[in-house]
Protein chains: 2
Amino acid sequence: MKLEVQIKMNPSLYLRDPEQSELGKNIINYSIQLIQKNGFEAFTFKKLAEAIGTTEAGVYRYFENKHKLLVYIISWYWDWLQFQINYRTNNLKDPIVKLKKVIKILATNVEDDVMTTHVDESLLHQILISEGSKAFLTNHVEKDNKQHFFKPYKDLCNTVGDIILECNPKYKYPHSLASTIIEMAHIQNFFMNNLPSLTDFNKTKDEVEIIKFLEDLVFKSIEK
Amino acid sequence: MKLEVQIKMNPSLYLRDPEQSELGKNIINYSIQLIQKNGFEAFTFKKLAEAIGTTEAGVYRYFENKHKLLVYIISWYWDWLQFQINYRTNNLKDPIVKLKKVIKILATNVEDDVMTTHVDESLLHQILISEGSKAFLTNHVEKDNKQHFFKPYKDLCNTVGDIILECNPKYKYPHSLASTIIEMAHIQNFFMNNLPSLTDFNKTKDEVEIIKFLEDLVFKSIEK
DNA sequence: TATTTATGATAGTAATACTATTATTTAAAA
DNA sequence: TTTTAAATAATAGTATTACTATCATAAATA
């Protein structure tokens, strides 16, 4: 049996649905490669077109600009993570076990998911660490938010927040703690690898340390 | 008595020291205005030059590029905050009181400091919230780090980490918790104002709520 | 087969991110 | 005070970026 997972994206993010054609899938695939390799600032539609073997105009038929393309792949990642979490915490009764699992999923370097052919989740995870916050740290965040560009992120945050409340229904900051876990899973990873003195993981460079830190933070916070 | 605080910046950040001339001070002053108003992406040396009444080439004599200018003003802010913290926690014996003060300083919307004439700290604080992480979230973070561009941030993180250790010498993650507090003081503020469903402060839009959340997080974490 | 639709190829524009040159003003040194 | 050096202003120019527009062709669909 060969299953392909298709994630339905917000149509306001694209002009033509990239999932519906080879060129579109190439745009996603090579965008992830290039953004991960050179960073979002250095990424241009011209370079992307050259890498794919199409023209700049070809890319512009799919995405209005590179920011929407970034939001697209980042949203895709959040949706995919949401699916992973639902799938892998399914049947877990104990909310504490569940929350531990979620922290692990959030903070672990992802392996490429064979169910998605044109997306390398491992690279995408790296992009999220170093470019993720650029999706919302813009002057047009309000406009973007009105178009529901951040729904996947919010949904994930709600999911995590709900599990937190299952652990302790009286905890006062489930959403803020959820967004803190999600953000810190990435930021502490970035710091560990690039500015290690901002962390306590300098020796190991091992994400297991990040997971321990986050578990310590979270479970002490929500302790009854 | 009229005191002027001068913060000595890393000379690798600039070509000509902006503190040493009127034009230089104007560059800093107007950069802060423009970046706060339109965001860093929309900020160009041409617009800056126009705002000041000088030419693009004039700005380039002070800063190699807009990224270094951003790192400059952000570093300035961290240095200034460090000074604020040292000054305002001086003489406080109880490390818990001290840490509370630090959280408050980090999370409170700053008022313009009259000791610095060409820097509006209130605007700068806003810049830190929405642009701060762009200083290090680049492809050249390693190169920048080797030039010690992030020293002010690291120093601040160390200061906070030391206070955490004063509270509980056995706490295992003083630096990670410190960077978490610093980052979250800004990110939760951004979320509160722009993506409130990622927080639990939607009704109030009051930074006091953020302070309470951070205090709850920190003191539960370091409790002996 | 006709016709819509996607793609390819090419051109062009305004803005950005710079570098270079020369003239002019201002400040410091002789 | 004069000479000299340093900082600034004015202008021009380049490569790249971020697009838009046009037209021909290939592929899919009616």
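Predicted model: local features only at pLDDT ≥ 70, side-chain atom pairs only at ≥ 80, totals over all residues.
Sugar and phosphate make up 51% of the atoms of DNA strand D found within 4 Å of the protein. Glu56(A) places a polar side-chain atom 3.2 Å from a base nitrogen of DNA strand D. From the other chain, the side chain of Tyr62(B) has an N or O atom 3.0 Å from a phosphate oxygen of DNA strand D. The element that gives the most to the surface near DNA strand D is helix α3 of chain A (residues 56-60), which supplies three residues. Sorted by class, this surface holds six charged, five polar and five nonpolar residues.

Among the atoms of DNA strand C within 4 Å of the protein, 50% are of sugar or phosphate, with the rest belonging to bases. Chain A approaches phosphate oxygens of DNA strand C through a polar side-chain atom of Thr54(A), at 2.7 Å, and through an N or O atom in the side chain of Tyr62(A), at 2.8 Å. In chain B, the side chain of Tyr60(B) has an N or O atom 3.1 Å from a sugar or linking oxygen of DNA strand C. Helix α3 of chain B (residues 56-60) provides the largest share of the surface near DNA strand C, namely three residues. The residues of this surface comprise five nonpolar, five polar and six charged.

Chain A is superposed on chain B by a rotation of 180° with 0.0 Å of shift along the axis, at an RMSD of 0.0 Å. The two copies are therefore related as by a two-fold rotation axis. Within chain A, the C-alpha nearest this axis is that of Lys220(A), at 2.9 Å. Both copies use the same surface, since 100% of the contact residues of chain A recur in chain B.

Helix α5(A) (residues 95-107) packs with helix α8(A) (residues 151-167) at an angle of about 150°, and their axes are 8 Å apart. The crossing of α5(A) past α8(A) is left-handed. On the α5(A) side, the residues taking part are Pro95(A), Ile96(A), Lys98(A), Leu99(A), Val102(A) and Leu106(A), which meet Leu156(A), Val160(A), Ile163(A), Ile164(A), Glu166(A) and Cys167(A) of α8(A). This contact has ten nonpolar and two charged residues, and no polar ones.

The axis of α5(A) also comes within 10 Å of that of helix α10(A) (residues 207-222), with a crossing at roughly 140°. Here α5(A) passes α10(A) in a right-handed crossing. Contributors from α5(A) include Ile96(A), Leu99(A), Lys100(A) and Ile103(A), while those from α10(A) include Ile210(A), Leu214(A), Val218(A) and Phe219(A). The contact of α5(A) with α10(A) has ten nonpolar, no polar and four charged residues.

Conventions
Residues numbered from 1 in each chain as written. Chains lettered and ligands numbered in written order. Heavy atoms only, no water. Near = heavy atom within 4 Å. Polar contact = N/O pair within 3.5 Å; in protein donor to acceptor, adjacent residues only side chain to side chain. Helix = DSSP H or I, 4+ residues; strand = E, 2+ residues; numbered from the N terminus. Nonpolar A, V, L, I, M, F, W, Y, C, P; charged D, E, K, R; others polar. Least-squares fit on C-alpha atoms with pLDDT ≥ 70 in both. Contact = heavy atoms within 4.5 Å. Axes fitted to C-alpha atoms, helices over the stretch in contact; angles between N-to-C directions. Left-handed = near helix turned anticlockwise from the far one by under 90°.
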